[in-house]
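Colleague: I would like to learn how to read this structure feature by feature, with the general idea before each case. Could you take me through it?

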Amino acid sequence: MCIRDRVLRESAPSVTSFTFNEYSTPISDDDGGDEDDRSISAPTSLSGTVQALTDGPAQKINIIGAWTNAQNDNIAGTELAYKISTDSDFSAIPVMKGLTRATIGNVTDGKTYNIKARHFTGDGVFSDFTSVVNVAVSVASESVSERVV
């Protein structure tokens, strides 16, 4: 008895569609056409402002990140990423569709933070990040920009 290895090879670049019982030629994901283009634009005009709050005896410092949303119905939300400038990894805050602000809570006085933002769709497509914006946190202990009651 003789056993041989057999390799199944397609003789044409087309593949069968069991749904329609016919052959079709697949389109590469890198196709230059834009009918399947799911890319989305990044947010614009990213800025960061420092907010100091007094809550009882404690003072809390936040960074408010604000941006302008791109116009695209496929956008499901925005991700605001932040880190202390000397750190290597960003943390992220997801924000729902339509919102244009997010709060980075309890930041450290005297540090500089890097923030950046990008949009995402419901099926996991992300835009490019915006350029990084540096936010220097410097709050004198006697200055309070908002008071929480």
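This is a predicted model: local features need pLDDT of at least 70, side-chain atom pairs count only at pLDDT 80 or more; totals for chains, interfaces and linings use all residues.

Colleague: How many helices and strands does the chain contain?

Modeller: Helices (H or I, at least four residues) and strands (E, at least two) are taken as DSSP runs, numbered from the N terminus. Here the chain has zero helices and ten strands.

Colleague: What share of the residues is buried, and what share of the contacts joins residues at least 24 apart?

Modeller: Buried means under 20% relative accessible area, exposed over 50%, and partly exposed in between, with a 1.4 Å probe and protein chains only; of the 149 residues in the chain, 30% are buried. A contact means heavy atoms within 4.5 Å, and among contacts between residues at least 6 apart in sequence, 61% join residues at least 24 apart.

Colleague: In what order do the strands of the four-stranded open sheet lie?

Modeller: Strands of a sheet pair through backbone hydrogen bonds, either parallel or antiparallel. Two strands are counted as a pair if DSSP finds at least two bridges between them. In this open sheet the order is β6-β5-β8-β9, with antiparallel pairing, and the edge strands, each pairing on one side only, are β6 (91-96) and β9 (133-136). Strand β8 (residues 112-121) pairs with β9 over four bridges in the antiparallel sense, and Thr 112 stands opposite Ala 136 in β9.

Colleague: Which residues form the aromatic pair?

Modeller: Rings of Phe, Tyr and Trp (its six-membered ring) pair if their centres lie within 6.5 Å; planes under 30 degrees apart count as stacked, over 60 as edge-to-face and the rest as tilted. The count by this rule is one aromatic pair, formed by Phe 120 and Phe 126, which is tilted, at 6.0 Å centre to centre and 45° between the planes. Phe 120 counts as buried because its relative accessibility is 18%, whereas Phe 126, with a relative accessible area of 38%, is partly exposed.

Colleague: Where does Lys 116 lie?

Modeller: A charge sits over a ring if NZ of Lys or CZ of Arg is within 6 Å of the ring centre and within 35 degrees of the ring normal. Lys 116 lies over the face of Phe 90, at 4.0 Å from the ring centre, and also over the face of Phe 129, at 4.1 Å from the ring centre.

Note on methods: Residues are numbered from 1 along each chain as its sequence is written. Side-chain values use heavy atoms; hydrogens and water are left out.
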